Protein chains: 2
Amino acid sequence: MTEQALRVDEAELRGLLDGRWAHVREQARDVLQGELFAPVHGLSTEEHRERTLTQLRALAKTDLPAYGFPEAVGGRDDVGASVVGFEMLVNDLSLMVKMGVQWGLFGGAIRALGTERHHAEYLPDVMSVELPGCFAMTETGHGSDVQNLRTTATYDPDAEEFVVHTPDEAARKDYIGNAARDGRMAVVFAQLYTGGESQGVHALMVPIRDGRDRPLPGVHIGDCGVKAGLPGVDNGRLSFDHVRVPRANLLNRYGDVAPDGTYSSPIESKNRRFFTMLGTLVRGRISVAGGAGSATKAALAIAVRYSDTRRQFTRPGADGEPEREVRVLDYLAQQRKLLPALARTYGLHFAQEELVVRLHELSRSAGPDEHAQRELESRAAGLKAVATWHATQTIQTCREACGGAGYLAENRLPQLRADSDIFTTFEGDNTVLMQQVTKALLTHFQDSFGDLDQLGLVRFVAGKVFETVIERTAAIPLIDRLVAAAPGRGEETSLYNRGWQLELLEDREKHITEGLAGRLRRARKDGRDAFEVFNGAQDHVLHAARAHMDRVVLEAFVAGIDRCGDTSTAKLLNRVCDLFVLSVVEEDRAWFLEHERLSTARAKAVTQAVNDLCRGLRPYAVQLVNAFGLRDEWLAAPIALGAEHARQGDPVPGRD
Amino acid sequence: MTEQALRVDEAELRGLLDGRWAHVREQARDVLQGELFAPVHGLSTEEHRERTLTQLRALAKTDLPAYGFPEAVGGRDDVGASVVGFEMLVNDLSLMVKMGVQWGLFGGAIRALGTERHHAEYLPDVMSVELPGCFAMTETGHGSDVQNLRTTATYDPDAEEFVVHTPDEAARKDYIGNAARDGRMAVVFAQLYTGGESQGVHALMVPIRDGRDRPLPGVHIGDCGVKAGLPGVDNGRLSFDHVRVPRANLLNRYGDVAPDGTYSSPIESKNRRFFTMLGTLVRGRISVAGGAGSATKAALAIAVRYSDTRRQFTRPGADGEPEREVRVLDYLAQQRKLLPALARTYGLHFAQEELVVRLHELSRSAGPDEHAQRELESRAAGLKAVATWHATQTIQTCREACGGAGYLAENRLPQLRADSDIFTTFEGDNTVLMQQVTKALLTHFQDSFGDLDQLGLVRFVAGKVFETVIERTAAIPLIDRLVAAAPGRGEETSLYNRGWQLELLEDREKHITEGLAGRLRRARKDGRDAFEVFNGAQDHVLHAARAHMDRVVLEAFVAGIDRCGDTSTAKLLNRVCDLFVLSVVEEDRAWFLEHERLSTARAKAVTQAVNDLCRGLRPYAVQLVNAFGLRDEWLAAPIALGAEHARQGDPVPGRD
């Protein structure tokens with residue numbers, strides 16, 4: 001790698017990262033100022049909840065909530081903007097999540113699962129927070145297995161009402177945001193029964209509190225109490241004791257009950273109906289992936305700025321030179337902690353942008369494109385998983401990289417860490433999501449998520465000659481060109497050849513997925529139990545999803561750089577991309593060796609290249625984190641904002 | 001691996017883990033009961049601090065503090081017991097750390113660095129907490145580089161006093177436990193000046209508050225405020241503005257100043273004197289390693305018990321069988337999360353026990369054994385680092401493995417996670433400690449820590465033909481026998497052959513360390529800058545330390561199993577040990593492939609063996625965590641104590 005200094009066009013870089021919804025980011029930067037939106041710590045639970053609600057009501061007075069809602073009710077119907085707006089609320093993740101509950105989940109479910117009359121009746125009050133509400137899906141006994149949740153909604157044709165009921169503790173709605181304190185209404189997911197027959201999971205509007213904040217008759221509300229983080233979100237528990245709601249309260253876009261109890265639906269298959277309903281909620285997952293990205297960026301901005309100034313240990317004096325303590329970011333160990341994580345954060349940013357664009361386009365397309373919808377859901381599941389795991393890991397690394405200072409609440413890392421921790425669990429447990437990604441790969445996105453159970457999947461795979469089709473995700477002609485130009489698997493190819501890198505990750509994904517298909521097929525032939533087969537291959541399944549997501553992120557990264565309008569800046573981004581992909585290869589180099597994709601010499605060269613790239617990128621680290629465009633007052637950490645610089649007599653770079 | 005069920009002798013297993021200081025563990029189990037010692041959450045900072053102090057005062061009335069102090073002042077002079085007692089305080093890590101500050105660091109420094117008169121004057125009040133105190137070493141600008149801290153203590157022969165002074169903000173004492181609220185006295189580490197000459201870092205007793213909790217004149221006290229965790233510990237900041245203390249306040253075991261200002265010391269070399277003083281504080285690091293182990297065990301006990309009962313997703317019905325949801329610990333992915341971590345926790349437990357025994361024996365040995373002391377310090381540094389990293393990672397994994405329930409404060413994982421997070425930083429930053437381990441390996445423990453700077457080290461290594469001497473650490477004849485019986489590197493050897501495993505890890509350590517020595521030697525010959533050379537090899541340096549510690553832990557594990565009195569239980573432990581060592585190999589199998597220690601087929605077989613071992617150990621997982629002997633009321637998590645079991649109609653295993 002050349003050590004020649006690069007001139008970085010900071011405006012170009014910032015603009016590239018801001019992307020298609022740059023105006024929404026600017027709007028958020030404009031709105032989220034001042035004491036009302038400043039990060040705080042050390043409040044009591046009640047104080048933090050009150051503050052978060054106040055912030056939410058203040059946001060309601062801006063344009064931000066309108067993006068997610070239809071024009072018919074005063075919204076601006078810009079799904080992409082609504083996701084980007086969500087991810088900007090990094091000043092306090094409690095606010096981010098509270099907003100996500102109110103407008104994304106509660107409002108989003110009414111929008112997606114309800115019909116015009118529900119929109120007209122509820123959405124204006126949802127937007128204004130006149131009607132704070134809950135998204136009551138998860139049950140104590142059923143976090144991941146939504147299809148088998150146990151709350152019932154039984155239609156009573158005499159009264160033309162549904163009876164919503166919690167049969168046992170396992171069916172209690174749990175971890176529900178807005179439930180413990182503020183919610184007045186809940187979208188409740190329940191097994192719908194009419195005429196003695198089950199029609200599967202449906203959603204209904206169920207009032208839970210009266211105008212004076214008292215639980216309504218038959219509604220039992222508990223408080224989840226103190227959590228690891230997100231102190232401003234009032235998570236609670238809901239149980240229903242034969243609570244009656246009018247027939248009209250059924251969100252009836254995908255299934256309706258006539259006054260006499262007759263059930264009808266535009267989708268015949270119960271299974272397909274369920275997954276179609278669930279699919280409409282994909283925006284939530286994409287939002288969480290974006291939110292995780294923002295938290296990661298904030299942590300990296302703090303740790304990199306601090307490490308750039310913080311000094312520790314003197315460098316043994318070379319002949320006659322004055323000794324000075326070494327900046328900690330000059331240590332390879334510190335670079336190794338922060339810079340590959342920074343590179344991956346860039347990659348995930350571009351993948352997120354691409355996913356939001358897809359979601360947005362799909363929301364505007366005329367006819368339903370089932371394949372595209374399946375692919376979107378799969379991508380959303382995978383990106384949510386890898387982005388949130390990356391957040392958990394990176395923020396922790398940043399904490400450690402900042403030493404004792406990183407442990408102090410004033411430096412924000414503890415709250416970022418604690419708040420974002422649950423992101424790996426909510427909106428779908430990551431381990432479950434990654435398995436869905438692999439299932440989609442095995443079925444070529446032909447089926448909805450989980451539309452096939454394990455047995456069905458094994459049968460499906462066994463039934464055909466399996467060949468992976470790598471579906472390119474971004475900038476297809478460019479990537480095809482790069483791959484075509486790659487000089488093959490030979491030793492001579494530079495590790496920095498992008499075509500070679502793309503092919504390497506593509507080949508890994510293909511090989512792992514095909515190997516898995518073969519394994520399932522053989523086991524099927526041997527007549528082995530489908531559960532045992534699938535369970536015994538679970539590590540293989542998760543690895544396939546990882547490999548897939550690495551490739552997806554790399555392609556998005558390449559496409560992102562291609563949009564960069566400044567050559568020198570693009571060069572820098574190419575180095576960042578090299579660091580991302582070579583870290584991925586380094587991490588999994590055992591696999592590449594085991595499958596003879598890398599020689600031992602070349603594997604060692606990858607490690608050396610990661611070291612070289614770390615050293616080469618170190619001078620640009622502060623510019624790279626500043627380009628995220630996070631306001632100083634959101635970072636709030638004194639160690640990143642001049643306290644350490646002042647102590648050392650150094651200038652503070654890139655203050656906004 | 002055989003699938004034959006093993007009968008586990010639970011009493012034998014528990015006794016083996018309780019080890020030499022079983023009576024201290026029993027004592028702690030007896031003392032730490034009832035409401036006073038129950039885990040709590042959601043208190044305000046002030047309430048938690050008050051509670052922790054009250055608990056500490058209650059502990060002071062028991063025998064526990066006496067272990068760490070000399071008989072002359074009413075102590076019981078049993079260092080091993082004092083470390084084991086510390087690690088048992090897992091009911092609240094704030095109490096653990098507060099105790100560590102008061103009796104371990106503050107009291108320990110007076111004991112180790114002071115002389116009889118200091119012992120007599122202070123230690124009784126330290127033990128009774130009549131005199132709460134601080135260990136004021138770390139400075140804002142110098143966390144890791146203690147040798148260059150900047151607080152000064154200048155002797156004034158006219159007044160026969162020392163003037164303690166903080167010259168600038170970098171020299172401010174920071175993160176000091178007991179400083180913000182309770183401390184009355186501090187052991188202050190400062191550069192000692194007398195007659196205009198610097199004598200290096202020494203420790204002095206400096207009063208900081210009067211009897212009415214007011215800071216004394218010239219002492220400025222700040223509060224570090226809210227932290228990620230440890231809310232009950234009042235960390236603060238101390239600055240001194242020409243504060244005068246009597247000459248007698250110098251802790252003068254290793255360096256004294258006569259009334260006229262003449263300096264004297266039993267150790268001539270300033271450098272050696274410094275490292276000797278620091279070496280006496282090794283107990284703190286060993287204690288932290290033990291505390292990290294306890295926190296890890298508690299988290300695993302919670303997560304394993306919950307996963308054993310929690311069910312999610314139905315198993316596709318085999319012909320005619322009734323469907324039932326699958327216990328999450330039956331999933332390979334969940335086993336992979338928890339069981340290798342459990343196996344490593346066992347290994348670290350035995351390594352910790354061994355280290356405590358060494359510390360204890362060394363504290364009683366007549367003459368000083370420099371080599372043994374260096375080895376102890378190196379081992380303590382390494383074990384502290386790997387045990388605390390393991391804690392951070394494992395507790396996080398446990399949180400995720402428990403899903404939403406793991407995020408609730410009532411289930412204790414959040415507080416365990418947040419409290420133990422700083423363990424990777426305090427008592428020595430892990431990354432710095434691991435480098436010290438490697439330096440010791442390179443110098444064969446001939447030198448004190450850091451007694452050689454980077455330049456000196458490179459010179460040292462360059463000056464001799466380097467050959468690693470693997471110093472066995474435990475049960476030497478047994479391990480020699482096992483290694484001798486190993487059938488060599490051939491493919492035919494079973495992966496479960498203990499001799500082969502021992503040799504594999506030994507060989508890796510040797511190869512990495514020798515490779516590093518060669519690299520430093522070559523660079524020296526080329527006349528390259530010592531800092532650049534050492535920095536460029538930092539990942540290599542850290543890898544050497546990891547490899548060393550893996551081998552040390554494995555040897556301790558083998559020795560521990562050898563002490564087990566029941567054959568069937570020992571068999572189980574041997575499987576746990578297999579899982580530990582094969583996980584280690586799996587994690588680093590790229591290295592083994594790159595260096596042709598494993599063929600690709602054998603590397604793949606290692607992954608399969610880890611899967612097999614996970615499945616094989618799954619039925620014993622609950623017994624294995626119950627053997628830690630942590631009281632249910634310390635775990636406190638409803639999900640681990642019957643809430644989930646009751647909901648599912650399952651019995652609760654192993655309640656105490």
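Helices (H or I, at least four residues) and strands (E, at least two) are taken here as DSSP runs, numbered from the N terminus. On that basis, Trp21(A) is placed in the loop between α1 (10-18) and α2 (22-31) of chain A. This is a predicted model, in which local features need pLDDT of at least 70 and side-chain atom pairs count only at pLDDT 80 or more, while totals for chains, interfaces and linings use all residues. Residues are numbered from 1 along each chain as its sequence is written, and chains are lettered from A, with ligands numbered from 1, in the order in which they are written.

Trp21(A) counts as buried because it has 24 C-beta neighbours inside 10 Å; the cut-offs are 20 or more other C-beta atoms within 10 Å for buried, 12 or fewer for exposed, and partly exposed in between, with C-beta atoms placed from the backbone. When neighbours within four places in sequence are left aside, Trp21(A) is in contact with Gly80(A), Ala81(A) and Val84(A), contact being defined as C-beta atoms, placed from the backbone, that lie within 7 Å.

## Domains of chain A

An automatic or database domain assignment supplies the domain bounds, and chain A is divided into domain 1 (41-128), domain 2 (133-269) and domain 3 (282-313 + 325-471 + 479-638). Between domain 1 and domain 2 of chain A, the C-alpha centres lie 20 Å apart, and 24 residues of domain 1 are in contact with 19 residues of domain 2.

On the domain 1 side of this contact, the elements of chain A that give two or more residues are α4 (45-60), α6 (93-113) and α7 (116-128), and the largest share, 12 residues, comes from α6(A). The residues of that side divide into 12 nonpolar, eight polar and four charged, where Ala, Val, Leu, Ile, Met, Phe, Trp, Tyr, Cys and Pro count as nonpolar, Asp, Glu, Lys and Arg as charged, and the others, Gly among them, as polar.

## The two chains

In the complex, 66 residues of chain B are in contact with 66 residues of chain A, and the chain B side divides into 25 nonpolar, 23 polar and 18 charged residues. Because 98% of the interface residues of chain B are also interface residues in chain A, the copies meet through the same surface.

With least-squares superposition on the C-alpha atoms of residues with pLDDT of at least 70 in both copies, chain B can be laid on chain A with an RMSD of 0.0 Å by a turn of 180 degrees and a shift of 0.0 Å along the axis. That is the relation of a two-fold axis.

Key: Contact = placed C-beta atoms within 7 Å.
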